[in-house]
Amino acid sequence: MINLDDKRVNFALRAVQQAASLAADVQGELISEAITKDDRSPVTVADFAAQAIVGSMLEEAFPGELLVGEEAADVLRSSEERGTLENITNFVGRLISGVTPEYVCDLIDRGVDSPGENYWTLDPIDGTKGFLRGAQYATALAYVENGVVQLGVLGCPNITPDLEENIGGAGSLAIAVRGQGSWIATLKDPIREDSFSQLSVSPQIDPVKARLMRSFESAHTNTDQIDAFQNKLGGKADPVRMDSQVKYALLASGEGEVYLRLLSSDRPDYREKIWDQAAGSIIVEEAGGIVTDLDGKALDFSQGRTLKMNRGICATNGILHQQALDALSAVQA
Ligand code: AMP
Ligand code: MG
């Protein structure tokens with residue numbers, strides 16, 4: 001079991017628990033059928049409110065440490081965004097009494113650091129499209145030392161610790177610490193040892209039975225190549241399409257065998273953001289899986305806000321990793 005008394009572990013679990021629960025409240029209260037296609041305001045409110053909560057808790061626990069968050073408050077400081085900022089302030093005020101809009105902006109901006117030798121990285125809402133569709137999304141927080149992720153936490157409000165989809169349910173909280181395994185609990189349960197059970201990847205050795213995980217959004221990947229990859233591998237199982245890093249939790253718990261992030265053909269130069277991969281990748285690795293880029297190289301979190309040195313992601317149960325890389329290079333040749 002991980003050491004829950006460790007100050008970083010304790011902070012990361014509590015911060016993600018609170019931020020993800022607040023995001024779940026926003027999804028429950030603000031997402032309605034009346035939302036038009038382009039109205040992103042609920043996800044904006046949840047994104048910023050969740051980052052403010054983590055910023056505030058980090059300032060209390062580790063005042064001197066770097067936080068590289070996805071969001072920055074400058075867009076909220078203009079008068080046109082006053083209403084959105086007030087909405088955010090009301091949600092943050094449920095957890096931190098007496099906050100003003102200006103103070104909420106300062107809390108959000110606790111996360112505007114650049115990555116250093118050691119840093120925290122946060123995606124307050126990973127899977128914004130899933131959030132708006134009323135589907136899967138996650139709050140992701142990780143701690144990186146010298147380019148290697150040492151701790152990762154995922155808060156997944158719409159999936160149970162058994163990885164069953166349950167929109168609006170009790171949700172789950174997954175954590176991995178380097179050398180201490182991957183563990184999962186119910187999101188809202190008290191943080192104590194008996195709340196957690198250990199995750200381990202699928203023992204599947206047969207590529208024909210491999211279940212492939214992929215983005216729900218076709219624009220985030222290359223669907224033709226995924227189909228060709230599956231043919232090459234000989235896989236017959238239906239792919240699992242899902243938003244966000246929740247896919248990493250599924251892979252870590254044996255609910256799938258191979259997860260690819262291929263580059264969409266209209267954005268071949270896309271490089272992954274550190275906060276989109278850090279927490280999820282260590283959760284897979286500590287559950288016994290392997291995570292590399294599409295060329296089989298280790299992910300390098302020392303290159304700034306993106307994984308500049310890495311092209312795409314290949315994550316597997318470990319056993320099938322080399323076969324997956326081989327099938328990929330055949331397809332991409
Ligand atoms: P997923 O739901 O697995 O597709 O992952 C969502 C994440 O994909 C978001 O957090 C975005 O940062 C990221 N994303 C956005 N555009 C692209 C793209 N063209 N290719 C790959 N990932 C993207
Ligand atoms: Mg994201």
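How far is an oxygen atom of ligand 1 from an N or O atom in the side chain of Ser 215? The separation is 2.6 Å. This is a predicted model, in which local features need pLDDT of at least 70, side-chain atom pairs count only at pLDDT 80 or more, and totals for chains, interfaces and linings use all residues. Residues are numbered from 1 along each chain as its sequence is written, chains are lettered from A and ligands numbered from 1 in the order in which they are written, and side-chain values use heavy atoms, with hydrogens and water left out.

**Magnesium site**

- The magnesium ion (ligand 2) has three protein donors: Asp 123 (OD), Asp 126 (OD) and Asp 276 (OD), at 2.0 to 2.3 Å.
- Donors here are N, O and S atoms within 2.8 Å of the metal (3.2 Å for Na, K and Ca); water is not among the atoms, so sites may look incomplete.
- Along the sequence, the donor residues follow the spacing D-x2-D-x149-D.
- Asp 126 lies in strand 2 (residues 118–126) and Asp 276 in helix 8 (residues 274–286), so this pair ties together parts 150 residues apart in sequence.
- Helices (H or I, at least four residues) and strands (E, at least two) are DSSP runs, numbered from the N terminus.
- Asp 126 is buried at 8% relative accessibility, and Asp 276 is buried at 14%.
- Buried means under 20% relative accessible area, exposed over 50%, and partly exposed in between (1.4 Å probe, protein chains only).

**Ligand 1**

- Around ligand 1 there are 13 residues, and Ser 215, His 220, Ser 244, Lys 247 and Asp 276 come nearest.
- A residue counts as around the ligand if one of its heavy atoms lies within 4 Å.
- In the side chain of Lys 247, an N or O atom is 2.6 Å from an oxygen atom of ligand 1.
- Asp 126 places a polar side-chain atom 3.1 Å from an oxygen atom of ligand 1.
- On its own, ligand 1 has 500 Å² of accessible area, and the protein covers 88% of that.
- These areas come from the Shrake-Rupley method with a 1.4 Å probe.

**Positive phi angles**

- Asn 146 is not a glycine, yet its phi is positive, about 50°.
- Asn 146 sits in the loop between strand 3 (138–145) and strand 4 (148–156), and is exposed at 57% relative accessibility.
- Leu 163, also not a glycine, has a positive phi of about 65°.
- The loop between strand 4 and strand 5 (172–177) holds Leu 163, which is buried at 9% relative accessibility.

**Helix 3**

- Ile 88 lies in helix 3 (residues 82–93) and is buried, with a relative accessible area of 0%.

Terms used: Polar contact = N/O pair within 3.5 Å; in protein donor to acceptor, adjacent residues only side chain to side chain.
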